[in-house]
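Work through the exercises below with the sequence and the 3D view at hand, and try each task before reading its solution.

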Amino acid sequence: MSPKKPIKHFLQFADFTLAEFEYVIERAKIIKRKFKNYEVYHPLIDRTLVMVFEKNSTRTRLSFEAGMHQLGGAAIYLNTRDSQLGRGEPVEDAGQVMSRMCDIIMVRTFGQDIIERFAAHSRVPVINGLTNEHHPCQVLADIFTYVEHRGSIAGKIVTWVGDANNMLYSWLQAADVFGFHLNVATPKGYDIDHSLVSTSRFTVFDNPSDACQGAHLVNTDVWTSMGYEKENAARLAAFDGYIVDGAKMARAAPDALFMHCLPAHRGEEVAAEVIDGPQSVVWDEAENRLHVQKALIEYLLLGRLDGGTSGSAA
């Protein structure tokens, strides 16, 4: 009897190699094409995804739940308020129990340590649907969207305007993997925690407009993320001048794209003229969560379908 393959998780962007991401992106193209052509594709019949939510969600729940059904499997939604996790069950115990009853698990939670502990006690692959420190599925969808519209992102300039949040840290890891450069503009007091960064592929700018100079992709997010609502007034003051508007986009490359992981606040972190303008690809970006996550789930459960190795035997 051959030894069981080690379990492959996707807890942060750095968990995959460039070759793995390139494979997942190619599979996402195929899976998206099938979806658009109404082709039935059910490689995961009788497989079950459990979705554990400690944080509210629209796109994450919809994309994972719909995606698993479209792959022929089933998806089960668990909110911690409605489960034993919300009553103090240890994360380690939950990982043990849930992973004995399903094939793959997505967790959307607060601290990265929570999902790391959960995965360490899981018998099946675990996907990070969002933590305070990382949002790898969103950045994977963003890179897929860029590739769809402009080709390879290697060697390009990606600009981040906003605070040093989970999106930025995933973008920093992605820069290392894909070989692009990140221009970062964060207000004082909301800058990068260098203990969380291992790449040198970024430049910090004091002026957000300067950070947009020559960029091929300009990216932002809400100024007050979930869990920081009490800081909203202070953040609005600190981020004054950080709105991505037409003037900032004019400093980017002529064919630059604009992205936002949504939900967006027009007139706050982004001007309506930008998010609703011709350079914006936010709706493609949102839809592509569905397609890249289907490819990700397929890879984690079935491995490479082109004869390569990896993936997990759940």
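**Exercise 1.** Decide whether Leu-44 is buried or exposed in this predicted model.

*Solution.* Begin with the cut-off, which calls a residue buried when its relative accessible area is under 20%. Leu-44 has a relative accessibility of 0%, and therefore it counts as buried. Then place Leu-44 in the chain, where it is found in the loop between helix H1 (18–36) and strand S1 (48–53).

**Exercise 2.** Find which residues Leu-44 touches, leaving aside those up to four places away in sequence.

*Solution.* Look for heavy atoms within 4.5 Å, since that is what contact means here. The search gives Met-68, Leu-71, Gly-72 and Gly-73, together with Ile-297, Leu-301 and Leu-302. Now take Leu-302 from this list: Leu-302 and Leu-44 are 258 residues apart along the chain, yet their C-alpha atoms are separated by 8.7 Å. For the chain as a whole, among contacts between residues at least 6 apart in sequence, 70% join residues at least 24 apart.

**Exercise 3.** Work out how the radius of gyration of the chain compares with that of a compact globule.

*Solution.* First take the length, 314 residues, for which a compact globule would have a radius of gyration near 20 Å. Next take the value for the chain, 19 Å, which agrees with that expectation. The secondary structure, finally, comes to 11 helices and nine strands.

Methods: Residues numbered from 1 in each chain as written. Predicted model: local features only at pLDDT ≥ 70, side-chain atom pairs only at ≥ 80, totals over all residues. Heavy atoms only, no water. Helix = DSSP H or I, 4+ residues; strand = E, 2+ residues; numbered from the N terminus. Rg over C-alpha atoms; globule rule 2.2 N^0.38 Å. Buried < 20%, exposed > 50% of the residue type's maximum accessible area, 1.4 Å probe, protein only.
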